[in-house]
Amino acid sequence: MILNLTQHQATAEQLAAGVIDLPEDKRTALIDALTVTSLPDRESIEARCDYIAELACQNGLGGDDEDDPHPKMAMIGGAPWLMSALEQALTERGITPLYAFSVRESTERTMPDGTVQKINVFRHAGFVGI
Amino acid sequence: MDIRWFHGLAAYNKTAKGSKYCPIETVQRAATIVAGAELACSDKPIGAFGVMVEGDTRVIFERDCWSFVDGKTGKRCTEASHLDYWVPDGLESDEQSAHQWCAEQKQSYCEAFVKDCTITAVWCKRDASDARYWQARSLALKLRVPLVEVSRSTTIGKWCGTVENIFSEELA
């Protein structure tokens with residue numbers, strides 16, 4: 001089980017690779033913690049990351065409050081200045097932080113008016129562990 | 001009888017004299033302490049955040065009390081004689097009458113010694129820093145209790161009655 005701790009819902013490819021989204025109420029709390037609207041200090045960053053890591057443990061995916069499955073891995077992503085502290089908070093709880101790796105596939109299509117439309121598709125290609 | 005009180009946790013934060021740094025482990029330890037000790041609690045929130053507890057109220061003072069014995073004086077209260085106090089007794093021992101007594105005192109707040117506490121919520125001041133807010137929210141998540149927003153002037157008497165009143169003001 002790879003718990004999704006990013007702001008975005010997992011793509012179909014990520015779901016197929018074992019990623020699980022948090023339940024909606026927990027995901028709302030996660031987005032709240034990941035959204036920083038004023039200049040943070042180190043203490044604030046650590047407090048937010050501790051909360052996110054705790055949220056990963058109490059993820060609401062169990063049958064009841066006391067029975068949440070402990071994730072072995074978590075997919076993270078977001079502001080670079082937040083990731084180091086989040087990696088640490090997760091590692092302290094026995095959760096391996098992972099970053100999604102994707103490749104960009106470009107296709108070109110000639111439109112009826114002769115213009116060329118370029119479409120970039122990001123395809124999930126695995127995870128980078130820390 | 002069980003009466004609801006505030007217990008501040010910000011005082012546990014300082015790892016060294018003058019240090020403002022507050023590792024979350026310190027807060028967690030404080031919560032562990034709360035679970036077993038006879039606490040000094042107050043009828044108003046003191047500090048940035050803390051816990052709301054319900055417990056066996058032994059005595060209420062109109063002055064500052066401490067959860068632990070002071071190393072210098074060997075006391076748990078700021079004054080030697082406890083002239084103004086209220087002991088829960090008989091039919092008068094309900095939460096409303098306790099907080100009524102507090103409201104009638106000349107001091108800005110009252111404190112009580114409370115045993116066998118149960119944590120019913122985590123409270124956080126509206127103007128707390130971002131770090132304190134997330135520490136409080138994290139603690140609430142760990143303890144599986146609601147997080148309640150309070151102001152400096154909030155008194156615990158506000159929540160006299162049912163626990164549902166607390167949940168109605170839950171933040172997270």
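Mentor: A nonpolar core is a set of buried Ala, Val, Leu, Ile, Met, Phe, Trp, Tyr and Cys residues that are joined through C-beta atoms within 7 Å. In this model, which is predicted, the largest nonpolar core has 65 residues.

Trainee: What does B:Trp123 touch, not counting residues up to four places away in sequence?

Mentor: With those sequence neighbours left out, B:Trp123 touches B:Phe6, B:Pro45, B:Phe49, B:Gly50, B:Met52, B:Val148 and B:Val150.

Trainee: What makes up the contact from chain A and from chain B?

Mentor: The contact takes 13 residues from chain A and 13 residues from chain B. On the side of chain A that touches chain B, helix α3 (residues 42-57) of chain A gives the largest share, 8 residues, and the residues of that side divide into 5 nonpolar, 2 polar and 6 charged.

Trainee: Why is α3(B) called largely enclosed by the rest of the structure?

Mentor: A residue is buried if 20 or more other C-beta atoms lie within 10 Å of its own, and 11 of the 14 residues of α3(B) are buried, so the helix is largely enclosed by the rest of the structure. Among the buried residues of α3(B) are B:Tyr133 and B:Trp134, and also B:Arg132 and B:Arg137.

Trainee: How do you know what span is expected for α3(B) at 1.5 Å a residue?

Mentor: The expected span of a helix is 1.5 Å times one less than its number of residues. For α3(B), which has 14 residues, the expected value is 20 Å, and the helix reaches 20 Å from its first C-alpha to its last, so the two values are close.

Trainee: What follows α3(B)?

Mentor: The helix is followed by B:Arg144, whose phi is positive, near 60°, although this residue is not a glycine. B:Arg144 lies in the loop between α3 (130-143) and β6 (147-150) of chain B.

Trainee: Does B:Arg144 count as buried or exposed, and what makes it so?

Mentor: A residue is exposed if 12 or fewer other C-beta atoms lie within 10 Å of its own, and B:Arg144 has 10 such neighbours, so it counts as exposed.

Trainee: How many other C-beta atoms lie within 10 Å of B:Asp116, and what is B:Asp116 called?

Mentor: There are 14 of them, so B:Asp116 is partly exposed, this being the class in between exposed, at 12 or fewer, and buried, at 20 or more. B:Asp116 lies in strand β5 of chain B and has a positive phi of about 50° although it is not a glycine. B:Gln100, which has its place in helix α2 (residues 95-104) of chain B, also has 14 C-beta neighbours inside 10 Å, so B:Gln100 counts as partly exposed.

Trainee: What is the order of the open sheet of 5 strands in chain A?

Mentor: The order is β2-β1-β3-β4-β5, with mixed pairing.

Trainee: What makes β2 and β5 of chain A edge strands?

Mentor: Each of them, β2 (19-20) and β5 (116-129), pairs on one side only.

Trainee: How do you know that strand β4 of chain A pairs with β5(A)?

Mentor: Two strands pair if there are at least two bridges between them, and 13 bridges join strand β4 (residues 96-110) of chain A to β5(A), so these strands pair, and they run antiparallel. Within this pairing, A:Glu105 has A:Val121 as its bridge partner, A:Glu108 stands opposite A:Lys118, and A:Ala100 stands opposite A:Phe127. By contrast, β3(A) and β4(A) run parallel and are joined by 4 bridges, with A:Ile76 opposite A:Tyr99.

Trainee: Why is β5(A) called hardly covered?

Mentor: A residue needs 20 or more other C-beta atoms within 10 Å to be buried, and the count of buried residues among the 14 residues of β5(A) is 0, so the strand is hardly covered.

How values were computed: Residues are numbered from 1 along each chain as its sequence is written. Chains are lettered from A and ligands numbered from 1 in the order in which they are written. This is a predicted model: local features need pLDDT of at least 70, side-chain atom pairs count only at pLDDT 80 or more; totals for chains, interfaces and linings use all residues. Two residues are in contact if their C-beta atoms, placed from the backbone, lie within 7 Å. Helices (H or I, at least four residues) and strands (E, at least two) are DSSP runs, numbered from the N terminus. Ala, Val, Leu, Ile, Met, Phe, Trp, Tyr, Cys and Pro count as nonpolar, Asp, Glu, Lys and Arg as charged, and the others, Gly among them, as polar.
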